[in-house]
Structures are given as C-alpha cells and as structure tokens.
Amino acid sequence: MKENELTLIEDGQEVKYRILFSIEDVKDKNYIVYTKDEENEDGEILTYAATYEKNEENGNIKLTSIKNDKEWKFIVEVLNSIQNGVKK
C-alpha cells in the first residue's frame with residue numbers, strides 16, 4: 001500500500017482511495033479526508049471524510065462515520081481553506 005493510499009473493502013471488493021489529508025488529535029479525534037477522484041454531476045470531485053483510529057500493532061485503521069454537524073462544519077472549513085489557498 002502506498003503512503004497516500006487507502007484501501008477499503010466495499011461489497012467484498014477492495015476499493016482504493018487517495019488520501020487528500022489527515023488531521024490528527026483535534027479534541028482527541030483523528031480525521032481523514034479521501035477520494036476516488038470521481039466527479040459529481042457538477043464536475044466537482046467527490047470527497048469523503050471520517051474519524052479514524054490506528055492500530056499501532058498492525059498499522060490498520062478503523063474508520064467511523066462523522067455524524068456530528070460541528071465536526072462536518074470543521075471538515076468543510078478545512079477543505080474550503082485548502083481550496084482557497086490552491087486557487088490563489
């Protein structure tokens with residue numbers, strides 16, 4: 001596995017994602033934002049986000065869905081600030 005690659009099992013199949021960035025230890029949580037580089041109908045790249053825990057023994061990570069509106073707002077703000085920085 002490449003350093004910036006994430007492999008998930010979906011419907012019994014391995015699906016590879018590209019890790020855009022991770023944010024560690026924000027209020028005792030780690031976040032990961034990733035993509036398959038697919039576009040939606042508006043031509044925007046679809047991105048996904050989750051919290052994660054890393055198993056130090058085997059290096060595997062466990063993803064957990066983000067369900068809290070404050071956490072989603074935080075992720076969106078980070079994405080927007082990165083996008084705005086790239087556009088300049």
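Predicted model: local features only at pLDDT ≥ 70, side-chain atom pairs only at ≥ 80, totals over all residues.
Student: What pattern of strands and helix does the protein follow along the sequence?
Tutor: The protein holds one helix and five strands.

Student: How many bridges join β3 to β4, and which residue is the bridge partner of V33?
Tutor: Strands β3 and β4 run antiparallel and are joined by four bridges. V33 has its bridge partner in β4, and that partner is A49.

Student: Which residue in β5 is the bridge partner of T51?
Tutor: Strand β4 covers residues 48–54 and pairs with β5 in the antiparallel sense over five bridges. In that pairing K54 stands opposite I61 of β5. For T51, the bridge partner in β5 is T64.

Student: Where does D11 lie, and is D11 buried or exposed?
Tutor: D11 is in the loop between β1 and β2 (13–26). Its phi is positive, about 55°, although D11 is not a glycine. Exposed means over 50% relative accessible area. Because its relative accessibility is 83%, D11 counts as exposed.

Student: What is the phi of D37?
Tutor: Most residues other than glycine have a negative phi. D37 lies in the loop between β3 (29–35) and β4, and at 40% relative accessibility D37 counts as partly exposed. D37 is a residue other than glycine, yet its phi is positive, near 60°.

Student: Which residue in the hairpin of β4 and β5 takes a positive phi near 80°?
Tutor: The hairpin of β4 and β5 has six residues between the strands. The residue with a positive phi near 80° in this hairpin is G59.

Student: With which residues is N60 in contact, leaving aside its neighbours within four places in sequence?
Tutor: N60 is placed in the loop between β4 and β5. With a relative accessible area of 49%, N60 is partly exposed. Leaving aside neighbours within four places in sequence, the residues in contact with N60 are E53, K54 and N55.

Student: Among contacts between residues at least 6 apart in sequence, what share joins residues at least 24 apart?
Tutor: The C-alpha trace of the protein spans about 40 × 30 × 25 Å along its principal axes. Among the contacts between residues at least 6 apart in sequence, the share joining residues at least 24 apart is 24%.

Student: How many Å apart are the mean positions of the positive and negative charges?
Tutor: The protein has 13 positive and 20 negative charges. The distance between their mean positions is 4 Å.

Methods:
Residues numbered from 1 in each chain as written. Heavy atoms only, no water. Pairing = 2+ DSSP bridges. Helix = DSSP H or I, 4+ residues; strand = E, 2+ residues; numbered from the N terminus. Buried < 20%, exposed > 50% of the residue type's maximum accessible area, 1.4 Å probe, protein only. Contact = heavy atoms within 4.5 Å. Lys, Arg positive; Asp, Glu negative; His and termini not counted. Charge placed at Lys NZ, Arg CZ, Asp CG, Glu CD.
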